[in-house]
Amino acid sequence: MDYSERLENVAVLGAAGKMGSGIVLLVAMEMADTALRSPSRRFVLHAVDVSHAVLSGLVKYLREQVQKAAEKKIVALRKVYADRADLIDNSDIVRQYVTDVLDIVRPTTMLEAAAEANIIFEAAPENLDLKLKLFAKTASDNPRQPWVFTNTSSIPIEEIAGKARLDGRVMGFHFYNPPAVQKLVELIRGRSTSDEVATFATTLCKSLRKVVVPSADVAGFIGNGHFMRDLLHGVAEVERLAATMPFVEAVYSVNRVSQDFLVRPMGIFQLADYVGIDVCQLIMAVMNPRLPGANLHSALVDRFMALGVGGGQNHDGSQKDGFLQYAKGKIVGVYDPNAKKYVPLSDFQAACDARLGPLPEPAVAWKDVVRDKAKDARLSQFFGALKSVKTSGAELALAYGARSREIGLKLVSDGVARNADDVNQVLLTGFFHAYGPINAYFG
Ligand SMILES: NC(=O)c1ccc[n+]([C@@H]2O[C@H](COP(=O)([O-])OP(=O)(O)OC[C@H]3O[C@@H](n4cnc5c(N)ncnc54)[C@H](O)[C@@H]3O)[C@@H](O)[C@H]2O)c1
C-alpha cells in the first residue's frame, strides 16, 4: 500500500476532543489534497466520538477552520481547481474546498466504523484502560491490521503494543495543543514499531509541514519529561516560600518569576491551568510508576484536584480557574486551598512585586523577543544583568533556569532525547519558549 492508498481510509478516535478535532482537521485536509491529485480514489475519515452533540461541534469547527485554511492557500487551490469552469470567484473555490474536505469526514458514534480504517489516530483521554478498550474493538484482532498512531502524552508505546497486541503497527504521534497551530510533533517508535509505519509517519508530518522531533519510548517522552519536572520545581519553590509568606503570595511569586524573569510565554501555574491540573495529575500518574526514583508526584496537585479545582478550558476556549483565577484571559486571583476561595491579586500583588524586585534593565518581554532575530543577544544581556542584581526575583529565576537546564541535560543523558538541540526544539516549538532550556544563560 503506498502513501495515498494508506490514507484512503482513516479513523480518528476521540475526534471531537481538543486534540482529536485538530487531528481530524489536518488529516482531512491532507486527504482532500491527495484526493484532488488522484480523483479516481475515494477517501473516508471516520470521526468517532461519544455523542452526536460533540460531533456536531466538531463539524462546525471544521467548517470554520477549513474555510480559513482555504482562504490562506487560495493561490494553490486556484491551480488545483483550474479545470473547473464553474468556479469563478475565490469564494466559489473556498466553498468547493470546504465541501470537498467535509465530504471526506464521516462523524459517527459507532466505534466499529473505525475497524474499516487503514490508519487509526487515537486521541481519547489519557487513560490506558480506555485506550486499550478502544484498540481491542478496532485494531487488535482486526484482519486488516490497521496502523495505530496514538496521541498519548505519556504512556510508553511498547507497553501499548504489548497490551493491545499491536506489535509493529503502533507509534506515538504526539501533536501539541492545538494541533493545527503548533508546529511540533514528537514521534515515538516503540521497540517493535516497523520501519514502514515510521516512514509513513515522517512523510505525513512533512506533508503537514510539522517540525518532527523523535523521542525515545520513555514515559512522558521529551515534552512532558521536561514540563512535569519543571512544574514540580515550581511546586517545590511554592512549598518552600509558603513557610515565610502566605500560600497565595508564594504561588503568585513563582508564577510571575517563571514568566517575566524567565522570559516565558506564561508562568508555570498558568501553564498548568492551561493544560489542566487534572491532565498534569494523570500524566504524573503514568510517569511516576514507570520511572523508578524520579519522584514525579505532587501532593499539592492532588490536593487541588480533591478540592475540585482543575483548570482546563471552557467550550468557548476561555480559561477555567485553577491555581489562578482569570477574567477576560487576565490573572485576577490565586486560589487559597485552606480558605477554599480565590484571593484577589489586588490584595497582595504590589507587596509581592516589591519583594521580588524590579526586572533588570533593559527588560525583555517574551512577546517582543520571541520573533526577534537579535533575541540571543538581548536574552544574553538580560540574563547577564539578572546574575548581577541581588533581588529575590533574580535569585528565584536563576535557580529556576538552572533546574530547567538540568532537566534538559538529564533527558539527553538518559537517552530520552538524542541531543540538546532536540530538547530545545521541543520547548521552542511545542511550548513557544523563546530559548531552549539547555543554554549558556544559566550554565
Ligand atoms: N490537551 C493537550 O494539551 C494534549 C496535548 C498533547 C497530547 N494530548 C493527549 O491527547 C489525548 C486526548 O487529549 P485531549 O486533551 O484532546 O482530551 P479531550 O478530553 O479534549 O478529548 C478526548 C475526546 O475523547 C472522547 N472520548 C472519550 N471516550 C471515548 C470513547 N469511548 N470513544 C470515542 N471517543 C471517546 C471524548 O468525548 C473527547 O471528545 C490524550 O491522550 C492526551 O494526553 C493532549
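I started with the helix pair α12 and α13, which are oblique to each other; angles under 35 degrees count as roughly parallel, over 145 as roughly antiparallel, 65 to 115 as roughly perpendicular and the rest as oblique. Helices here (H or I, at least four residues) and strands (E, at least two) are DSSP runs, numbered from the N terminus. The model is predicted, so local features need pLDDT of at least 70 and side-chain atom pairs count only at pLDDT 80 or more, while totals for chains, interfaces and linings use all residues. Residue numbers run from 1 along each chain as its sequence is written.

**α12 and α13**

I looked up the geometry of the pair: α12 (residues 277-290) and α13 (residues 299-306) pack at about 130 degrees, and their axes are 10 Å apart. Axes are lines fitted to C-alpha atoms, for helices over the stretch in contact, and angles run from 0 to 180 degrees between N-to-C directions. The crossing is left-handed, meaning that the near helix is turned anticlockwise from the far one by less than a right angle. On the α12 side I noted I277, D278, C280 and Q281, and on the α13 side V301, D302, F304 and M305; contact requires C-beta atoms, placed from the backbone, within 7 Å. By class I have five nonpolar, one polar and two charged residues in this contact. Ala, Val, Leu, Ile, Met, Phe, Trp, Tyr, Cys and Pro count as nonpolar, Asp, Glu, Lys and Arg as charged, and the others, Gly among them, as polar.

**α9 and α12**

I then took α9 (residues 223-241), whose axis comes within 11 Å of that of α12 and crosses at roughly 110 degrees. The two are therefore roughly perpendicular, and this crossing is left-handed. N224, M228 and L231 of α9 meet C280, I283, M284 and M287 of α12. I count this contact as six nonpolar, one polar and no charged residues.

**The sheet**

I read the strand order of an open, eight-stranded sheet as β3-β2-β1-β4-β5-β6-β7-β8, with mixed pairing; two strands pair if DSSP finds at least two bridges between them. β3 (105-108) and β8 (211-215) are the edge strands with a single partner each, so one side of each lacks a neighbour in the sheet. Neighbouring strands are turned by 25 degrees against each other on average, direction ignored. I checked β6 (residues 170-175) against β7 (residues 184-189): the pairing is antiparallel over five bridges. H174 stands opposite E186 in β7. Helix α6 (residues 128-138) packs on the sheet, touching β1 (9-13), β4 (119-122) and β5 (147-150), and its direction makes about 165 degrees with that of β4.

**The ligand**

I find 24 residues around the ligand, the closest being G14, G17, M19, S153 and N177; the C-beta atom, placed from the backbone, must lie within 6 Å. α2 (18-37) and β6 each supply at least two shell residues, and α2 gives the largest share, three. I sorted the shell into 13 nonpolar, eight polar and three charged residues.

**Backbone exceptions**

Most residues other than glycine have a negative phi, and most peptide bonds are trans. I noted a cis bond from N177 to P178, with omega near -5 degrees; P178 is in the loop between β6 and β7. Another cis bond joins E361 and P362, omega about -5 degrees, and P362 is in the loop between α14 (349-356) and α15 (366-369). F221, not a glycine, has a positive phi of about 55 degrees and is found in the loop between β8 and α9.

Definitions and conventions: Two residues are in contact if their C-beta atoms, placed from the backbone, lie within 7 Å.
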